[in-house]
Amino acid sequence: MSIKKLLYKSIVGRPLRTFALLFICIIMSGVMFGGAVLSVSLKNGINSLEQRLGADIIVVPKSAGEKVELENILLQGTPGYFYMDKSVRDELERTDGVDKLSAQYFLVSANAECCTVQVQIIGFDDETDFTVKPWLREAYSGSLEQNEIIVGSGLSTKVGHSLKLYGVECKAVGKLESTGTGLDTAIYASSDTVRGLIKAAEGKGISVLSKQSPDDVISSVYIKVKDGYDIDEVAANINLGMDGVQAVRTKSMITGTADKLSVFSASITVLIAAVCVLSAAIMLIIFTALAGERKGEFALLRVIGFSRARLCRQVLNEAFVICICGALLGIGIASAVVFPFGSLIENKAALPMLTPDLVSVLGYALLAIAAVVVTGPIASVYSAFRLSRIDTGRILREGDR
């Protein structure tokens, strides 16, 4: 009988043992691969968010200054809007320590052709902006004209297509790469376009302002602090010296998210370590228990001419085949959970996620396969050694009684 045929019969002929080992390998590889992808995706999301915010301080109306509300809008993409008098921007320009600033406008769509739910519309000042334009350049190098928009990666609208916002046809001139944050479902436009949309909304009986004109309001002001100035001190001076506004340091918003990420990542690391140790222990127990059951089988193989080294390789080959099959199945199952349901995981974890590139994903898959394929044969070494050292005559005599 050939080695391959013997290997096949040994694996298929013991379905309970094979299933048990496969199951352990599936769990081990799935947890390792899925945990690594999730952890890195969350870290990528935080890094992407830090790059996108690009300001030291955000000033908003005091009524909207609650940290949770700002995080919902900036991190989770929850549609929302608020306004304050644009004179706030002029007063902030005179604040000591302010290097540069730019105002933004927030608006929520009513119904858009791109989606079945409301989306966030963000307007920025093309002349003064330093937070949005640097990464919008990746999608569009020109200046946004009236009723031109750039859409997030999470929206179905394609470049060159138009969608109707409050009855106004807006043309998509660019589409952003995924950031793993709520910004992926936002629409970006010039401040003139957003003010026009506010007026269009009022024309349809949808009032987003009380008595003010769209030309007299802004939603927020992004501030870059001068070198040598303490950011917390500048924010505190704004809060003490100006009524009706709240200055929030952007890092403080991200800190809460980063803390949650640390806890989540630590939990994943502990889970991976625990699963690996437990899997190795269970494999060792299974192979050790099988060593007693297979003495008769291996005694017969010794009689028909199998050397001790060949018997040892037989056990190791069985472990290798089962482990690699289980590892591949585990990675496949983990991929079917992590990638299609990434947005659901993101929402449940309340953390931004940005999936790593294909090369990185393949790297994590190979590491998971290697870990399982190495663990299985190592766990079977003791069993292989015992079986290769059996006393053939004694085992056969015992079998005859």
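Which residues form a nonpolar patch on the surface?

Residues are numbered from 1 along each chain as its sequence is written. In this predicted model, local features need pLDDT of at least 70 and side-chain atom pairs count only at pLDDT 80 or more, while totals for chains, interfaces and linings use all residues; side-chain values use heavy atoms, with hydrogens and water left out.

**Figure 1. The chain as a whole.** The chain has 13 helices and 11 strands; these are DSSP runs numbered from the N terminus, with helices (H or I) of at least four residues and strands (E) of at least two. Of the 401 residues, 48% are buried. Buried means under 20% relative accessible area, exposed means over 50%, and partly exposed is in between (1.4 Å probe, protein chains only). The accessible surface comes to about 19400 Å², and carbon and sulfur atoms own 57% of that. Accessible areas come from the Shrake-Rupley method with a 1.4 Å probe, and for residues only the protein chains shown count as cover.

**Figure 2. The nonpolar patch on the surface.** Meet Leu329, Ile333, Val337, Phe341 and Leu344, which together have about 460 Å² of accessible area. Patches are built from residues with over 30% relative accessible area and no salt bridge; like charges are joined within 9 Å, and nonpolar side chains (Val, Leu, Ile, Met, Phe, Trp, Tyr) within 5 Å. Helix α10 (residues 308-338) gives the largest share, 3 residues. Phenylalanine 341 sits in the loop between α10 and α11 (342-349). With a relative accessible area of 46%, phenylalanine 341 is partly exposed.

Figure 3. Look at strand β6 (residues 162-165): Leu163 and Leu165 are on its covered face, Ser162 and Lys164 on the uncovered one. In a regular strand the side chains alternate between the two faces of the sheet. Strand β6 runs antiparallel to strand β7 (residues 168-175), joined by 4 bridges; two strands pair if DSSP finds at least two bridges between them. Opposite leucine 163 you'll find cysteine 170 in β7. The hairpin has 2 residues between the strands, and tyrosine 166 takes a positive phi near 55° there. Lysine 164 also makes a salt bridge with glutamate 169, with their closest N and O atoms 3.7 Å apart. A salt bridge here is a side-chain nitrogen of Lys or Arg within 4 Å of a carboxyl oxygen of Asp or Glu. Glutamate 169 is partly exposed at 43% relative accessible area, and lysine 164 is partly exposed at 36%.

**Figure 4. Strand β8 and its partners.** In strand β8 (residues 186-190), 5 of the 5 residues are buried. Strand β4 (residues 120-124) pairs with β8 in the parallel sense over 5 bridges, while strand β5 (residues 148-151) pairs with β8 in the antiparallel sense over 3 bridges. Tyrosine 188 in β8 is the bridge partner of isoleucine 122 and also of isoleucine 150.

**Figure 5. Inside the cores.** The largest nonpolar core has 43 residues, and those with the most contacts inside it include Ile57, Leu92 and Ile223. Such a core is a set of buried Ala, Val, Leu, Ile, Met, Phe, Trp, Tyr and Cys residues joined through side-chain atoms within 4.5 Å. A second, separate core of 33 residues includes Ile268, Val275, Val338 and Val372. Back at isoleucine 223, the residues it touches include Ala55, Val98, Phe130 and Ile238, not counting residues up to four places away in sequence. Contact means heavy atoms within 4.5 Å.

**Figure 6. Salt bridges across the chain.** The structure holds 6 salt bridges. One of them brings together the side chains of lysine 224 and aspartate 56 (3.9 Å, N to O). This pair links distant parts of the chain, 168 residues apart: lysine 224 is in strand β10 (residues 220-225), and aspartate 56 is in the loop between α2 (15-53) and β1 (57-61). Lysine 224 counts as partly exposed at 30% relative accessibility, whereas aspartate 56 is buried at 15% relative accessible area. In another, lysine 199 and aspartate 215 have their closest N and O atoms 3.4 Å apart. Lysine 199 belongs to helix α6 (residues 191-203), and aspartate 215 to the loop between α6 and β9 (217-218). Salt bridges that share partners join Asp192, Arg195, Lys199 and Asp215 into one network.
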